[in-house]
Amino acid sequence: MPERLVVVGGDAAGMSAASQARRLRPDLEIVAFERSSYVSYSACGEPYYVGGLVASIDRLVARTPEEFAARSIEVHIRHEVSAIDLDKRQVIVRNLQDSRSETVGFDHLMYATGSRPLRPDDIAGIDGPGVFGLRTLEDAVRLKQIADQGPGHVVLVGGGYIGIEMAEAMIDRGWKVTMATSGRHVLERTLDDPMGERADRAVRDYGVELLTEARVTSVEDQGSQQVVSGEGFSLVADLVVIGLGAGPEVELAIAAGIPLGVTGAVAVDDRQATSVPGVWSAGDCAEVRHRVSGLPVNMLLGTVANKTGRIAGTNLANGDARFPGVLGTAITRMGSTEISRTGLKVNDATTAGFSPVTGFARGTVSAGYWPDASPMAALVIADRNTGQLLGGQIVGGPGAGKRIDVIATAIWAGMTAAELAWVDLAYAPPFSGVWDLIHIAARRAADA
Ligand code: FAD
């Protein structure tokens, strides 16, 4: 009998692990179970599908079950793993089409169940039928169908990445959009105030009615409409979408006795191994180490899911790969304004024991005299005592956002702000000033 790998969850982490294991161990039997109707899909593309930029949902599917079958990876969609028995080394799988359950044994188990949108208990009615989250492709299809019936008024609860991207999508579809966030500004968990305020401006300039410090306390279902209320506001909506963050999907792990870490996600070492022999985990449901703080974090990013899945696949196939950690580098946009960040923001740096100082620079993406040069701002965060780079944030017009990769690379390499201030970056007037704003922000952080 060949050894069998069972994969629970068929998206980025699970299928990266399966594909890598197949490359390294042609002899391994690989079976993946996915409860939705799609595997290996791009959740990241969902807002752009709802907004009409991506023409068909199939474009968001990287590989179908048939394509996996051609690589000897057996994929069962609409199959939910309902229990894991670690002693018997088996999972119970329910076929969601006929509700029948079967037992499947495993030698290796890849736990890659991802995350789910948070629906906080202190918002009455948040579980109502008229309140939508965005996670699977099926969620995106449903939201697109509703968007197609509009235009109407959508209230977005939460000012995170999904809220921002859905706001752009629904404006593009002609809807009136109101965003209510309890934060002082959008993206409060990932941006410091000067950059968050710039992001707010971009949101408002795109036509979104943005309510900050507006904590939603209830959503009342009135049939075809919903009333979204909080202290001092009440909004009548045709559609409510929540984007209040997400948490790791760990119920199965808890029930099975797979240990969690301090963040509430599955605890793994840098080989993506849990403390249960033969059980691996990666992606949104698992912890990773932050390279700057050294602390465990639960980083819900596709970049991390693909990489950690590949690491798990290598190791479970008898290889030896170690995940080097994350910086939390992320990017989004609001219309033509690009918003990006990496590393620690100021208060997180303080919590992690650093003495953060910042360097802020404001100017234009291209040379100041370039026609239609669009505004850009950069923030660089460093440690006062050592100069070590800790983080960076950028808000600006086209061409600004991906500059964050320069700061991320510098942090990754352990550089100081003073060193970043002299890095040989490309320059010509259509692209930047002769001193890039990153240089200037880094120099100011070094001098602070
Ligand atoms: P998931 O993608 O959540 O996949 C887990 C899968 O497991 C799901 O398909 C689920 O149905 C299945 N599953 C769960 N439990 C079971 C069970 N018991 N049995 C069977 N199947 C089960 N990241 C970025 O880096 N950049 C972006 O621009 C970006 N944009 C995003 C936009 C949106 C709208 C969303 C929702 C996410 C975005 N992300 C982005 C995050 C990124 O999509 C996730 O980090 C990534 O998908 C995580 O992959 P995963 O495999 O760990 O989990």
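**Close-up views of the predicted model**

View 1. At 0% relative accessibility, S281 counts as buried, a class set at under 20% relative accessible area, with exposed meaning over 50% and partly exposed lying in between (1.4 Å probe, protein chains only). The model is predicted: local features need pLDDT of at least 70 and side-chain atom pairs pLDDT 80 or more, whereas totals for chains, interfaces and linings use all residues. Residues are numbered from 1 along each chain as its sequence is written, and side-chain values use heavy atoms, with hydrogens and water left out. Accessible areas come from the Shrake-Rupley method with a 1.4 Å probe, and for residues only the protein chains shown count as cover. S281 belongs to strand β18 (residues 279-281); helices (H or I, at least four residues) and strands (E, at least two) are DSSP runs numbered from the N terminus. From S281 the side chain reaches the backbone oxygen of Y111 at 2.9 Å. A polar contact is a pair of N or O atoms within 3.5 Å; within protein, one must be able to donate a hydrogen and the other to accept it, and residues adjacent in sequence count only if both atoms are side-chain atoms.

View 2. The ligand is surrounded by 31 residues, the closest being D11, A13, E34, Y41 and D284; a residue is near a molecule or strand if one of its heavy atoms lies within 4 Å of it. By class, the shell residues divide into 16 nonpolar, 8 polar and 7 charged. Here Ala, Val, Leu, Ile, Met, Phe, Trp, Tyr, Cys and Pro count as nonpolar, Asp, Glu, Lys and Arg as charged, and the others, Gly among them, as polar. Both domain 1 (4-40 + 59-116 + 247-316) and domain 2 (131-244) give at least three residues to the shell around the ligand, the bounds coming from an automatic or database domain assignment.

View 3. An oxygen atom of the ligand lies 3.1 Å from a backbone N or O atom of A12. A polar backbone atom of R35 is 3.1 Å from a nitrogen atom of the ligand. For G302, a backbone N or O atom lies 2.9 Å from an oxygen atom of the ligand. The ligand taken alone exposes 990 Å², of which the protein buries 91%. Two or more residues of the shell come from each of α1 (12-24), β2 (29-34), α2 (46-50), β4 (79-85) and α8 (302-316).

**View 4. An aromatic pair.** A search of the whole structure finds 1 aromatic pair. The pair is edge-to-face, because the ring centres of W422 and W435 are 5.6 Å apart and the ring planes stand at 70°. The two residues both lie in the loop between α11 (417-420) and α12 (437-447), so the pair ties together parts that are 13 residues apart in sequence. W422 is exposed, with a relative accessible area of 66%, while W435 is partly exposed at 38%. Rings of Phe, Tyr and Trp (its six-membered ring) pair if their centres lie within 6.5 Å; planes under 30 degrees apart count as stacked, over 60 as edge-to-face and the rest as tilted.

View 5. Most residues other than glycine have a negative phi, and most peptide bonds are trans. The peptide bond from G150 to P151 is cis, with omega near 5°, and P151 sits in the loop between α4 (137-149) and β10 (153-157). S99, not a glycine, has a positive phi near 65°. This serine, S99, is in the loop between β5 (90-95) and β6 (101-105) and is partly exposed at 49% relative accessibility. Q272 also has a positive phi, of about 65°, without being a glycine. The loop that holds Q272 runs between α7 (251-256) and β18, and Q272 is buried at 1% relative accessibility.

**View 6. Residue pairs separated along the chain.** D192 is placed in the loop between β11 (176-180) and α6 (193-205) and is buried, at 10% relative accessibility. Between D192 and V346 there are 154 residues of separation along the chain, and their C-alpha atoms are 6.8 Å apart. V75, in strand β3 (residues 73-77), is buried at 13% relative accessibility. V75 and P65 are 10 residues apart in sequence, with 5.5 Å from C-alpha to C-alpha. T342 lies in strand β22 (residues 337-343) and is buried at 0% relative accessibility. The C-alpha atoms of T342 and L137, 205 residues apart along the chain, are separated by 27 Å.
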